[in-house]
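Biologist: Could you walk me through this model and tell me what stands behind the words you use for it?

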Amino acid sequence: MGGAEGPDARGITRRALLRDGTALTVAVLAAGASSQLGGVAVAVTPGRAAHLTEAELHTLRGLVDVLIPGKPIDPDHGALAGGCAEAIDALLGAFGTSPPRIYAGAPFSDRAGSPVNHFEQFMGLDGYEERAWRLRIEGSKGRRELEFNGRVIGWQDVYRAGLAALEEASGDTRFGDRSPVDRERILRQNESGAIADLVDVAFPHTVAFMYGAPEYGGNRDLMGWSYTVWDGDVHPRGYTREQVEQPGGGNEVLSPGERELLEQLLPLAPLAAPELAHNIVSRSGHSMRALRAELGKLAAVEGRDLEDLLGR
């Protein structure tokens, strides 16, 4: 982790890691955050737990507030205000509704001229999709038919074990009730084991929900799109002919500000291409550790050290 704006022991600021790590480009996650979670759409009831207990949800809120901090530590709204904890909780309980809240409908929301928000209508799963998503969320749980490639620990178990470990490490004061500095310190002192495993999946989930379409659970009041200056979903209004046909005409996946940010903080020429950024995120399996490894490979090509690159 790291201080709100200060470097951690490895010289990486949290904001730099957010911009240059899992959110290799905010635009990749904003334009297709649903694809980052396989198109996950979740049912979210603010203030109520869907899968976790209320105590666990309280701990999770404290965690996402560290991963993407908000006011007053940061001038922009963070994951807590964005509803990311509730969105993650609803993802863990996705099969608690029928049809499962996994794939949102199509083709349009009602934010760009459509009279109907199709995103709010969820789709049923076929047998293969249900099996795959149950395996990812619930894990194999000793079922031989699901362990053809070995045991799979589902997100439900990763979160539950990690949140319990956070509370144990927090001592007499609940993790969610501690100051941001204290919560930061606990994460920095537990960079292995159940807490590290939790952060490994919680950080990508938090970023995806913060910058995804609000129907997917986070990005309340479009706050994730507001401070990243992203237009959001523009269909069916779409782009003008000039934007489509003219290079640099405004149809880039990255906004000019986001492109400049990438070029400044990740001076590897190929990373200016959003397609490559998307491929890097996809290859990582949406794991923060794997993403850092992918970035490390690119840094090595340029003869750079990843820690130096991100902490510059």
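Predicted model: local features only at pLDDT ≥ 70, side-chain atom pairs only at ≥ 80, totals over all residues.

Modeller: Residues are numbered from 1 along each chain as its sequence is written, and side-chain values use heavy atoms, with hydrogens and water left out.

Biologist: How many helices and strands are there in the protein chain?

Modeller: The protein chain has 14 helices and two strands. Helices (H or I, at least four residues) and strands (E, at least two) are DSSP runs, numbered from the N terminus. Of the 312 residues, 48% count as buried. Buried means under 20% relative accessible area, exposed over 50%, and partly exposed in between (1.4 Å probe, protein chains only).

Biologist: What makes H3 oblique to H4?

Modeller: The axes of helix H3 (residues 54–67) and helix H4 (residues 84–92) come within 8 Å and cross at roughly 125 degrees. That angle makes H3 oblique to H4. Angles under 35 degrees count as roughly parallel, over 145 as roughly antiparallel, 65 to 115 as roughly perpendicular and the rest as oblique. The axes are lines fitted to C-alpha atoms, for helices over the stretch in contact, and the angles run from 0 to 180 degrees between N-to-C directions.

Biologist: Which residues of H3 and H4 meet?

Modeller: From H3 come Leu 57, Leu 60, Arg 61 and Val 64, and they meet Ala 85, Glu 86, Ile 88 and Asp 89 of H4. Contact here means heavy atoms within 4.5 Å. By class, this contact of H3 with H4 has five nonpolar, no polar and three charged residues. Ala, Val, Leu, Ile, Met, Phe, Trp, Tyr, Cys and Pro count as nonpolar, Asp, Glu, Lys and Arg as charged, and the others, Gly among them, as polar.

Biologist: What makes H4 count as mostly covered?

Modeller: Nine of the nine residues of H4 are buried. Among them are Cys 84, Ala 87 and Leu 92. The buried residues of H4 pack against H3, H5, H6 and H8.

Biologist: Why are H6 and H8 called oblique to each other?

Modeller: H6 and H8 pack at an angle of about 120 degrees, with their axes 8 Å apart. The two helices are therefore oblique to each other. Residues making this contact include Trp 155, Val 158 and Tyr 159 of H6, and Ala 194, Ile 195 and His 205 of H8. By class, the contact of H6 with H8 has 13 nonpolar, two polar and one charged residues.

Biologist: How many aromatic pairs does a search of the whole structure find?

Modeller: The search finds four aromatic pairs. One of them joins Trp 133 and Trp 155, at 6.5 Å centre to centre and 65 degrees between the planes, and is edge-to-face. Rings of Phe, Tyr and Trp (its six-membered ring) pair if their centres lie within 6.5 Å; planes under 30 degrees apart count as stacked, over 60 as edge-to-face and the rest as tilted.

Biologist: What does the pair of Trp 133 and Trp 155 tie together?

Modeller: Trp 133 lies in helix H5 (residues 127–138) and Trp 155 in helix H6 (residues 155–170), so the pair ties together parts that are 22 residues apart in sequence. Trp 133 is buried, at a relative accessible area of 6%, and Trp 155 is buried too, at 13%.

Biologist: Why is the pair of Tyr 211 and Tyr 227 called edge-to-face?

Modeller: Their ring centres are 6.1 Å apart and the planes stand at 75 degrees, so this pair is edge-to-face. Tyr 211 is buried, at 1% relative accessibility, whereas Tyr 227 is partly exposed, with a relative accessible area of 22%.

Biologist: How do you know that Leu 125 is buried?

Modeller: Leu 125 has a relative accessible area of 18%, so it falls under the 20% limit for buried. Leu 125 lies in the loop between strand S2 (122–123) and H5. Leaving aside neighbours within four places in sequence, Leu 125 is in contact with Phe 95, Pro 100, Ile 102, Tyr 103 and Glu 130.

Biologist: And what about Asp 65, is the residue buried or exposed?

Modeller: Asp 65, which lies in helix H3, is buried, with a relative accessible area of 16%.
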